[in-house]
Amino acid sequence: MAAPDLSIDLAGIRLRSPVVTASGCFASGKEVSEFVDLKKIGAVVVKSMTMEPWPGKPTPRMAETPSGMLNAIGLQNHGVEHFLAVDLPWLNRIGVPVIASIAGNTVQEFIYVAERLTGAPGVIAVEVNISCPNLEDRNNMFSHDPKATASVLASVRRGLEVPLFAKLSPNVTSLVDIAGAALDNGAQGISLINTVMGMAIDIHTGRPKLAGVVGGLSGPAIRPIAVRCVFDVFRAFPHVPIIGMGGIMDSGDALEFILAGATAVAVGTANFIDPQSTTKVNEGIAAYMREKGVNNLASIRGRVKVEG
Amino acid sequence: MIQQVAQILSYKKLRDDYYLLTIVAPEIAETAKPGQFVNIRPPADRQFILRRPFSIYKVNRRGEWAATIEVVFDIRGGGTAALASLRAHDMIDIVGPIGRPFAIPKTRKSCLLVGGGIGAVPLFYLAEELKGAGKRVDVLWGAQTAHKLLNPIDAKRFGAQAVFTTEDGSEGVKGRVTDVMDELLEKCGTEVIYACGPNGMLEAVTRIGQKHRIPVQVAMEALMGCGYGICMTCVQPVWNRAHDQIVHVRTCVDGPVFNGARIAWDAFAPDPGARVAPVGN
């Protein structure tokens, strides 16, 4: 039997696989390429880049929690110029499609990075990270408010020719409204979810376990939250491509997201634990398709059987 | 750096608090250098998902039937407790060897190895390599109490001088490694210092080395998310070359061995493990 066709259409772009990487959980792919053939995955979503290099937060930056990890890295990155000069040429030599994740403290900073990325070779889409919980003012995250979400997306949209994905936070009461605001202002797709805000305390010292006090929870602990978010947004906008993520450890987890409504799936924290996670998820999805006689993934997208 | 599922050849409990695993890992053993580490996934338990990094204690490239590496650890929490339950023939998922190793000096001859508690682990393999390169090796192990000194018998065997300090005086000199260092450096004609242990000790050892104009290589510990350079969790505050700016450098692939003089010791957040200042105090 022929190998199943894992390719998908993501906002008009053909990807060989639905498996991509979650921003911040793969760096720019170089380290992981010691363990996996990057050409087997759909795209590398690189770590969020900012206008200038960011130093990130002090340590400790991580605390392991039940079935997950809490982090407060603070988007440490070398800045967009380094990405263009070093990371992108390397990714282009490998020949893997790139989704550039961009971040900033202000709308102006987002615009700057987006302008620098205009026409960058191999960048098939831009993911706008408006949901990092580790910025200076975490209570004013852009994705917590439909108006702020709209203003970032509309500003970034000008000039960029590639599809825009808005990466949204689960730490909101009305995710669908925020997704709607992003889509009305130039986003072609939605990435769900960023980390869930959390906190852990060392009871012996009385101090938070993270130097950043609070952080973002990732890993299998948040998967049900993420699946629900994808389900809700897919129900509201069934024709919009969704990159689903949150605690995907294996292909079974990935398929949950696809059945909930994800077009593509991003592997995040699992890369830390098993550097070969992306390709293992890929192989597992292929095995499922063979077993179930699924010809293409679009035919099962969002097909969770819900009565009524 | 490779990932493999490896078999445990043997399990041994050392003294009171330390566990020794011998792992059949020929490819890792072949290339591992002193100061490097391996990252081990705890046995299947969905509660603890991250790997645990362990310094390489010893390498045996001519094992009974395959090359092995050894790691030594103590129980810090659930993940290491799960590892302590492993026995011979169990299989573990291991990534390694990882990181920048200790540099072996070209011309300098006299090396002092300073180990704090379980921090002495990577210094055993280092001692072997230094001896093989014809260097003089002296050892200085410090710990809270006698049974937390790691393998003092072997340390005495390879150290031209072997000095032990314990905070409670139960073995060797009562006090800390830094109390005896000045004297030992003079006596041994030390030209290079290698240190591994808690940050406070590494800072103090670095300052003493600077006072004597002796370079100090420190192997640092950190909480790690991935252990191979992608997550940016394990960074250390390091001075840039101009010494006017602190940058966050990954412990896993840019360390764990650093030039002690380049670490920005004052930049550390209060030790999260310190048993001080309870709530409300």
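Predicted model: local features only at pLDDT ≥ 70, side-chain atom pairs only at ≥ 80, totals over all residues.
Good morning. I begin with a pair of helices in chain A: helix α3, residues 146–157, packs against helix α4, residues 175–184, at an angle of about 25°, and their axes are 8 Å apart.

The crossing of α3(A) past α4(A) is right-handed.

Which residues meet here? From α3(A) there are Pro146(A), Thr149(A), Ala150(A) and Leu153(A). On the side of α4(A), they meet Asp177(A), Ile178(A), Ala181(A), Ala182(A) and Asp184(A). Sorted by class, this contact comprises 6 nonpolar residues, 1 polar residue and 2 charged residues.

I turn now to the contact between the chains. Here 35 residues of chain A are in contact with 32 residues of chain B. On the chain B side, 22 of the residues touching chain A are nonpolar, 6 are polar and 4 are charged.

Finally, let us consider chain B by itself. Its domain assignment gives domain 1 as residues 2–98 and domain 2 as residues 110–220. How far apart are the centres of domain 1 and domain 2 of chain B? Taken over C-alpha atoms, the separation is 24 Å. Domain 1 of chain B brings 14 residues to the contact between them, and domain 2 of chain B brings 12. On the side of domain 1 of chain B that touches domain 2, the classes are 7 nonpolar, 2 polar and 5 charged.

Thank you for your attention.

Notes:
Residues numbered from 1 in each chain as written. Chains lettered and ligands numbered in written order. Axes fitted to C-alpha atoms, helices over the stretch in contact; angles between N-to-C directions. Helix = DSSP H or I, 4+ residues; strand = E, 2+ residues; numbered from the N terminus. Left-handed = near helix turned anticlockwise from the far one by under 90°. Contact = placed C-beta atoms within 7 Å. Nonpolar A, V, L, I, M, F, W, Y, C, P; charged D, E, K, R; others polar. Domains from an automatic or database assignment.
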